[in-house]
Amino acid sequence: MTDALHRLLRTPQGVLGLALLSVLLLVCLFGGVLAPYSPETMDFAGRFAAPGAPHWFGADQLGRDVLSRLLVGARSTIPLAVAATFSGAAAGACIGTLSAYLGGRWDEAITRTIDAVMAVPHLLLALILVSTLGKGSLNAALAIAISVAPSMARVTRSVALAVRQQDYVKAAIARGEGGGWIVLREMLPNVAAPVIVEATIRVAFAVMLFATLSFLGLGAQPPASEWGLMVSEARRFMHQAPWIIVAPSLAIAATAVCFNLLGDGLRDALNPRDER
Amino acid sequence: MAWLLRRLLTVLYTLLVVSILVFGLTQILPADAAVTLLGENATPEALAAVRQRLGLGDPAWLQYWHWLSALLQGDFGTSMRTDQPVGPAMFTALGRSLMLGGCSLVLMLLIAVPLGILAALRRGKATDVAASLVSYLGVSLPEFVTATLLLIVIADHFQLLPATGYVAPSENLVESIRHLILPVLTVSLILVAHVSRMVRSETIDVLNSDYIRAARLKGLPPRIVLLRHVLRNALLPTITIVALDVGYLLGGIIVVEEIFAIPGIGRQIIVAITTRDLPSIQAGAVIMAATYAIANTLADIAYVMVDRRIRYD
Amino acid sequence: MNVLSVGDYSLDYVTRDGSQRVLRDISLSIESGEVLGLVGESGSGKTSLAWAIMRHLPGNARETPQGRLHLGDTDLRAASPKALETIRGRRMSMVFQDPSTSLNPTLSIGRQVSEVLVRHRGLSQNEAWRTATEALEHVELRDPARMMKRYPHEASGGEKQRVVIATAFACRPELIVFDEPTTALDVITGARILELFGRLREETGVAALYISHDLALVSRVADRVAILERGGIVEEAPSDRIFRQPAHDYTRRLVAAVPRPERRLVADRVAPHELLAADRIAVRYRRKRLLRAAPRPATAEVALDIRRGEILGVVGESGSGKSSIARALTGLADYSGTITLAGRRVGSAADMDRAYRRAVQIVFQHPDSSLNPRHTVGDILARPLKLFGGALSTIPALLEEVRLPASFAGRYPHQLSGGEKQRVAIARAFAARPDLVICDEITAPLDVSVQASVVELLLRLREANGTAYLFITHDLNLVQQVAHRIAVMKDGAIVDLLDIDELRSGKMGAYTRELIAASPAPVG
């Protein structure tokens, strides 16, 4: 574990990714404390204030401090996306590994069905789910988890298949090891690494999808300061106060970049052969 | 030949699963679809009317069967919002989306492929690093951010192009193009970020291959090595990459149509969702997924025709 | 005048851990019409020398200022990139190791041969095509006109290598560099390629640098042989002398390690107590899938038996089915037929109980993939002990048996060399105290000196434990050194099953004879 961390820090992506992650973590945990104002405090006199003191990122159409809304909004945007990705990834990984292990007709059937489900674009699937389940952050998160699962299942399956072909798995079968032992102790440690890398990169995608849903009015609902929602609300006021839109957009981008970098860094760090 | 048959069967299976998925999620999953559609405060009579109209009293498989058989005969249901048949409106909208998507794909290919190849050729140098940074950013921006930023800068600030709206090409070609530039640009930029990275990594693999080394050691000048040997092998996987990207494209189109107010199929679906127009939601989703599945199949067929190795599977 | 002269040439590779000297003060020369063999094990730098001569070094290569590389009277080091383009393919060319990766998969064979003619001999497309077709005929390809239009994947390994050779000879170069051209090919195909090379060489009088790890092969092909050890040439001698009178220590070790059929390593005889019998075994790999034709079985109905303590060698080319037998015997592949172990019948993989699994162990070909990269050596050895009864405290003893330090128990596979990994795999097999160990081409990926030590290890373990071996290999010289009986496989069937004495006395089938003729014993 610590070994992986050390190796992560040796790559430039790892360093950058971890640095960004620490910032995001800080903001999620202490955003409320760090924020100079309450995100809901409206100040009609200070509407559309440009960035500068006292509003470092400016104020929005209701006079709320953009910086504060950003800091508090992190908690609405990021943790749910991360949780959604990892639960979707876990579900997908189980299905993928099972399919690879079963092989034969079952594998074909499961794979074809996963491919079919993936014919529905992610956003569309999320939209349909939300339209059925109703608007709101939790439903959006569930929708994301469900749309992440099939692609993670695919990735896991192909990694598991590659591992299954390795001679050390054959050696275990030749020894007469039980199926459970083979999957858990021989395959899983080698499957876990690439899957973790993929899942980390998907978090970036989930954050963007979550923000998109909120942007379309189907995710977080006002007066939450979720970043996608902030962009959506600010659309009408682009001409007067572009900073209301730019700030949350950059925050979303930064988060996505962070997880992409982490994923890239982890790819090298978790590879056992690269110790040179 | 047998391969083609198998591929077609796969598409049919895909469409079947998609139809079950869409129908199941929209009509069967909610405990009471009528309440989902009309809201909690609807009158009992209104609820009963909707149930009657949509056949919600029947068992699930029967509802599905009614819907599917109507669909296969070309009847996509009647919109609960407009009381007009859903089919024609959806397909017209699809046509507009295809035009938007098609232009974006073409523009994307024109930019991404040369960019990816250039980055691979100049690997590690300034051009490559710059291109990588830009594509990293492109991949990390949701479509609505890119679209909005483009809107702010080009339409609002510089007033170069109209912000929103759609003009059919048959009406006024110039205006039509002017209205399409920003949406096409938005979709293309995101795709360029993805595709150029993949083209880059494919090209790097090719450049490091044994046969390229052999070509160089035959004394062939670099230009010929590039044009005759490298390009063919680097471009072949591009077909697959593009097919994968149609999925991204369709997802992105929904948002872009919403922001730029283009009456394509994405917009129709959003309107259907916000107005809880169930038949429209179902039709729109199925049509969109079917488009993706068919596009993928066409790409597969094109790939097999071009790459001779696979033919002998 | 020397066609190639290399003088005091040194080469370093610069990595994150510093500079590594790969070639040290290399001096050699090749006259017109002469073939110089360059023999070295992995890591000796022989391939780097080939790249240096062709001026195609990687970006992190650093040459020392004083080294000289001359082709005829042209200074290769001083040549500009443009000048090199006219030299390569025209005055010097190269034949690579793996024909399936050195031909462009998206261009026709004809295109790839004719383009050198267009480039260097100024022929038009049509003329070049015609000349290329003649060249293909000259390398004994059947129906050259059709072959020209084919794509690489439509040709066999041997055919592709002939195409590569034709391309190399096409512009009548002064020098051709051969980088292990037969290593990726089957034994018989490789032998034919060498015959072709001999003929072309006589006709054209081209000078050649023949690089290989196989001293026996090189000594038959080359006029002189240079031995390369870790970047430096330790000996150079005429090829008929190098085996008989090796001067340098390293050469002596190499020569001693080369398998020679007349030098028998196993002296005892084996009593005919049957240990395992396989009756009418047919291995089938893939099930019939929807809309696809049923796959051919990997083996026909094969019958063989192994006696207690015996070494049964199984030889054959790739695709002959020898690995399939191994997989059937260990339950890794579906088979029809029965296996009988010590009297008990085993009808299918499901019947293989713990006793069977303990008695029959397998060591795989590739040490890189047969050890789980996330388990330590100790974990790997603990498993069979836990399964088949054995104390974990015996792990250091197990390691010692395979001449590895006990401290290796805490190491991970990627920290070990290929030979060391193979030893761990052998230790793992022996931890179960088996009656039969199946060795599936385990020495193929190893250097010849490492191979010799692994074989010595196997024989020692057999003496100590009385284990029988099913020794699968494609190296006929090696198998004649160690096996009591030899089974020869072709296209999924056993075509010959001989006692070693029978083989020695010349009693063998036609195919076996062909195989042996294609694997020459070293000269001298």
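Let's start at Gly134(A), the residue that follows helix 5 of chain A: its phi is positive, near 105°. Before I go further, please keep in mind that this is a predicted model.

So what does helix 5 of chain A look like? The buried set runs through His122(A), Leu123(A), Leu124(A), Leu125(A), Ala126(A), Leu127(A), Ile128(A), Leu129(A), Val130(A), Ser131(A) and Thr132(A).

Of the 276 residues in chain A, 56% are buried. And if you take the contacts in chain A with a separation of 6 or more, 70% of them come from residues 24 or more positions apart.

Helix 5 comes back when we turn to the partner chain. How many residues does each side bring to the contact between chain A and chain B? Chain A brings 34 residues and chain B brings 40 residues. On the chain A side, the elements giving two or more residues are helix 4 (104-117), helix 5 (122-133), helix 8 (179-215) and helix 10 (243-269). Helix 5 of chain A gives the most, with eight residues. By class, this side of chain A has 23 nonpolar, eight polar and three charged residues.

Let's look inside chain B for a moment. Helix 1 (residues 2-28) and helix 4 (residues 60-72) of chain B pack at an angle of about 120°, and their axes are 11 Å apart. Helix 1 of chain B and helix 4 of chain B are therefore oblique to each other, and helix 1 passes helix 4 in a right-handed crossing. If you want to find the meeting point on screen, look in helix 1 of chain B for Ser19(B), Ile20(B), Phe23(B), Gln27(B) and Ile28(B); they meet Ala60(B), Gln63(B), Tyr64(B), Trp67(B) and Leu68(B) in helix 4 of chain B. That contact has seven nonpolar, three polar and no charged residues.

Chain A also touches chain C. Here the contact takes 21 residues from chain C and 16 residues from chain A. On the chain C side, helix 13 (354-359), helix 14 (367-370) and helix 15 (377-388) each supply at least two residues. Helix 15 of chain C gives the most, with three residues. This side of chain C divides into nine nonpolar, seven polar and five charged residues.

One last stop, also in chain C: Glu441(C), which is found in the loop between strand 18 (436-440) and helix 18 (448-465). Is Glu441(C) buried or exposed? With 20 C-beta neighbours inside 10 Å, Glu441(C) counts as buried. Leaving out residues up to four places away in sequence, Glu441(C) touches Gln365(C), Ile472(C), Thr473(C) and His474(C). There is also Ser323(C), which is 118 residues from Glu441(C) in sequence but 8.5 Å away in space, C-alpha to C-alpha.

Notes. Residues are numbered from 1 along each chain as its sequence is written. Chains are lettered from A and ligands numbered from 1 in the order in which they are written. This is a predicted model: local features need pLDDT of at least 70, side-chain atom pairs count only at pLDDT 80 or more; totals for chains, interfaces and linings use all residues. Two residues are in contact if their C-beta atoms, placed from the backbone, lie within 7 Å. Helices (H or I, at least four residues) and strands (E, at least two) are DSSP runs, numbered from the N terminus. Ala, Val, Leu, Ile, Met, Phe, Trp, Tyr, Cys and Pro count as nonpolar, Asp, Glu, Lys and Arg as charged, and the others, Gly among them, as polar. A residue is buried if 20 or more other C-beta atoms lie within 10 Å of its own, exposed if 12 or fewer, and partly exposed in between; C-beta atoms are placed from the backbone. Axes are lines fitted to C-alpha atoms, for helices over the stretch in contact, and angles run from 0 to 180 degrees between N-to-C directions. Angles under 35 degrees count as roughly parallel, over 145 as roughly antiparallel, 65 to 115 as roughly perpendicular and the rest as oblique. A crossing is left-handed if the near helix is turned anticlockwise from the far one by less than a right angle, and right-handed if clockwise.
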